[in-house]
Amino acid sequence: MKLLHTADIHLGFKTHGRRDPDTGLNTRVLDVRDSLDAVVQRALDAEVDAFLFCGDAYHTADPTPTQQKIFVQSLRPLADAGIPIVLVVGNHDHPVTFGRASSLDIFDHVAGEVYCYRKPAPNVQIIDTASGPLQLIPLPWPIRSQILTKDEYRTMSPDELRQFIEEHYVTYIQRRTNEILEGEPGVTADGPERPLSADVPTVLAGHVTVQGAALAGSEHTTTIASEPTFTVGQLAVRPIDYVALGHVHRPQDRNEEGHLPVVYSGSIERVTFNEASEPKGFQLVDIDSSRDPRTHTAFVDTPARPFVAVEVDARETDEPTERILEAIQDQDVSDAIVRVRYRVDEEQVAQIDQARLREALAPADTVAAIERTVDPAERKRRTVVTRESGLEEAVRQYVGQHDELAGMEEELVEAALELKTELNAERSGAD
Ligand SMILES: [Mn+2]
């Protein structure tokens, strides 16, 4: 049985994006759409038996109608080809306000075989595929209101709540795997119940945190620290053949030594320059009960937009512009999102030919920034943050002048840029 496993699409982030004049949409939203289309095309080409999406379709819990339309239209060819689509709701897909529908509920209106899981299922799910049944244990992002009543969780401390959810999920996985081992009836979407079997391909598809997972460059350890966390052993329970995960954006198999892959497919596009060197893609999975090991996986790259960061120290040269141009030419900036940082002495500033730098960057998709660090002739003199400074430059100058912020520079810059993009988008009404 062949499966495609993907997650963390995050449609709607606009960091380093700009308005595309042809469509009026943000260029980063278009990039995400192109990568998602490539994922879907590969699923069609490989004739997979099911498409597993493990959460975080959108960047926020209130995606715009345009974003929802893009997501549905991108997945529609799968539905048209009769490939079952499994959607597991992620933390970004949950509405902030209690009682509102999840942003993935739009799929209730899509014709085709779409199975959307907002909470753990009371039984093992049987998905009918072209290669026979797939046994599915869905493990969406734990929402306390889905698991506990308000009275129950109101009296718990955050630590107790986290522990309760962890225990609840671990018990849930054990019960579902026991159903399979004991051959109890499984539940199909509309068909009759059928006995479960350890010989049938079985997948746990979840949006959770696994202990020790390595984060992508754009993710922060602080946000993940307070979340319910699971060990590989708690998820990799036989007779499960494959654990398909979303949430962490760096692709990785947490169980490389075992024969039961516990895999984060990772996100399909980069968000910040901290991810410049990280691969982006998805997983093609093949489960064959007659083989040992039963599960084979292959990571496939998406055509994610390249990020190129050029850093150059031009202080010790008579021709600083040439030195910077060489550094740009050393890298492939074609169709990339590019940032150039160069360092010069104060007396070199007038020598820099900005027009030639721009010209060298013309093949880029987006020039995110050209940043100059000037070593003052008179040491220790403080640069002044002026209204004319670009936002990023201003934040960096500010951080440089405040020792207590050292080490947070990248995070502050990203946060500031994200705010700026959101503000611009709101002002222009662009999507
Ligand atoms: Mn995510």
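I began with an open sheet of 3 strands, which has the order β17-β18-β19 and parallel pairing. Strands here are DSSP runs of E with at least two residues, helices are runs of H or I with at least four, and both are numbered from the N terminus. Two strands pair if DSSP finds at least two bridges between them.

Before going on, I noted that this is a predicted model: local features need pLDDT of at least 70, side-chain atom pairs count only at pLDDT 80 or more, and totals for chains, interfaces and linings use all residues. Residue numbers start from 1 along each chain, as its sequence is written.

Back to the sheet: I found β17 (307-313) and β19 (366-375) at its edges, each pairing on one side only. Neighbouring strands are turned by 10 degrees against each other on average, direction ignored. For angles, axes are lines fitted to C-alpha atoms (for helices over the stretch in contact), and the values run from 0 to 180 degrees between N-to-C directions.

How many bridges join β18 to β19? I get 9, with β18 covering residues 337-345 and the two strands running parallel. Val344 stands opposite Val374 in β19. Helix α8 (residues 320-329) packs on this sheet and touches β17 and β18, its direction making about 150 degrees with that of β17. Contact means that the C-beta atoms of two residues, placed from the backbone, lie within 7 Å.

Next I looked up an open sheet of 6 strands, ordered β4-β3-β2-β1-β15-β16, with mixed pairing. β4 (114-117) and β16 (295-301) are at the edges with a single partner strand each, so one side of each has no neighbour in the sheet.

Leu3 stands opposite Ala50 in β2. I also saw α1 packing on the sheet, where it touches β1, β2, β15 (281-287) and β16, at about 175 degrees to the direction of β1.

Then I followed α1 to its helix partner. α1 (residues 27-45) and α2 (residues 65-80) pack at an angle of about 15 degrees, with axes 8 Å apart. They are therefore roughly parallel to each other; that label covers angles under 35 degrees, while over 145 is roughly antiparallel, 65 to 115 roughly perpendicular and the rest oblique. Among the residues that meet are Val29, Leu36 and Val40 in α1, and Ile70, Leu75 and Leu78 in α2. By class, the contact has 9 nonpolar, 2 polar and 2 charged residues. Nonpolar means Ala, Val, Leu, Ile, Met, Phe, Trp, Tyr, Cys and Pro, charged means Asp, Glu, Lys and Arg, and the others, Gly among them, are polar.

Most residues other than glycine have a negative phi, and most peptide bonds are trans. His10, in the loop between β1 and α1, has a positive phi of about 55 degrees although it is not a glycine. The Asp292 to Pro293 bond is cis, with omega near 0 degrees, and Pro293 lies in the loop between β15 and β16.

Last, the domains: the assignment, which is automatic or from a database, gives domain 1 (2-301) and domain 2 (307-428). Their centres, taken over C-alpha atoms, are 38 Å apart.
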